[in-house]
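Biologist: I would like to go through some labels and ask what each one rests on.
Modeller: Go ahead.

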Amino acid sequence: MTGPSESILIVDFGSQVTQLIARRVREAGVYSEIAPFNAAAEAFERMRPGGVILSGSPASVLDADSPRVPDTIFESGLPVLGICYGQQVMMQQLGGQVQLGDSGEFGRAFIEIADGCALFDGLWTEGDRHQVWMSHGDKVTNLAPGFRPVAASPGAPFAVIADDKRRYYAMQFHPEVVHTPDGGKLLANFVRHVCGLKGDWTMAEFRQTKIEEIRKQVGSGRVICGLSGGVDSAVAAVLIHEAIGEQLTCVFVDHGLMRSGEADQVVSLFRGHYNIPLVHVNAETLFMNGLAGVTDPEAKRKFIGKTFIDVFEAEAKKIGGAEFLAQGTLYPDVIESVSFTGGPSVTIKSHHNVGGLPERMNMKLVEPLRELFKDEVRALGRELGLPDVFVGRHPFPGPGLAIRIPGEVTKERCDILRKADAVYLEEIRNAGLYDAIWQAFAVLLPVKTVGVMGDGRTYDSVCGLRGVTSTDGMTADVYPFDASFLTRVATRIVNEVKGVNRVVYDYTSKPPGTIEWE
């Protein structure tokens, strides 16, 4: 990745919320990138950032093999901010001391401001008491030379520490999470006041920079762009078309796993509105045949991803001369698909648009959105003039309805789910709730239940409804529909969708659940 001239490097030690740090920094108008600790030295040299933030971690600095900060970062003279484990590893490496805490602090806590520092400018003053979010067992017991305490909590005597001369700051709590109400402002103070960055990174700047990068990468070559029907690939295609015009051909692989009416909408938007060359491939039979008998979620994803690429290979040969394949890969996709330790890690899910292409395709990747989060892609789409009704659509996974049908995927089950989903979304729009919800969709469960319809008994499928609020998809809360709304939706689905006789609502937040069911 290449970023703007002003940037912040975030060193990832494995925290589940590291992405939120990047989000908060970008919200302050400063570009940021995340690098695993064992690749941080390389990223530091490439980016030449204006400052560094050290993330939290599930590890303990007291373990012999725990991750460390590359020496080059502390030798650079640049500002450094440590968060939770980041604070502890700073102390461990710079001459302080960390010990195993007696009880630790987890959840909401309150800190007392003991003194002022640059992080608190215009925000916190001596004597204030503020809510923060703690999640730590170990704690700092002796400060490294040059540091002074500026805030404390009952479980962390050095909740915030400062070395003003070297511009090193650290905190035991997590400012990146919403449970620390002023956390975003603290991070903004670090990148703007401490690092002295202007905070003028915008989508307009990203658009122009990326257009130049695409032209430089592609030259006079031709690009084939895979449209999935979602916002990501659509924004990528429009951006690339703005950069290289007729050198781009879009291929829309209609795998039969899209929501109601979306295939027609994609064709109309690209052929009609943008006049972008588009090949529409009806591959529903191919995908349904391949998914027959497949029930494992990872197997579904991998088959769909592989087949998607296979279809591209065939279309690229027909078109002829395409040297590049464009994809709508996003930053969370990139991060989730790479282990922060560089070794084996637990796979939450595979992303079919990450990791390159089979060598036999002999094509290079163009991924212009690879540095962006989902809401940033929407902002770029609006910057590019995409219709808001399209850009504002709820996120839709690459494997489509296949991962909203636990168990075997068939055309019949897809058609049932499509109808139920359309009813649900129609009612959400009618109620004026669509834009207040991050993602809403129906799930067709591999469960049948007894019902009574008219004078007869039925034995049909259960439909689950999901509705969540979120800012970035990393965490999500359940949308609190009122009972009358859910009753209305359930009644319509049971009455209008043949094959469903029971409707349930999923009340699980993320974590512990994921937004999608598979």
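**Labels and their cut-offs**

Biologist: Why is D310 called partly exposed?
Modeller: D310 has 23% relative accessibility, and buried means under 20% relative accessible area, exposed over 50%, partly exposed in between (1.4 Å probe, protein chains only), so D310 counts as partly exposed. This is a predicted model, in which local features need pLDDT of at least 70 and side-chain atom pairs count only at pLDDT 80 or more, while totals for chains, interfaces and linings use all residues. Residues are numbered from 1 along each chain as its sequence is written, and side-chain values use heavy atoms, with hydrogens and water left out.

Biologist: What makes K306 exposed or buried?
Modeller: K306 has 51% relative accessibility, so K306 counts as exposed.

Biologist: What makes K306 and D310 a salt bridge?
Modeller: Their side chains meet at 2.9 Å, N to O; a salt bridge requires a side-chain nitrogen of Lys or Arg within 4 Å of a carboxyl oxygen of Asp or Glu. The two residues are four apart in helix α10 (residues 297–319), so about one helical turn separates them. Helices are DSSP runs (H or I, at least four residues), numbered from the N terminus.
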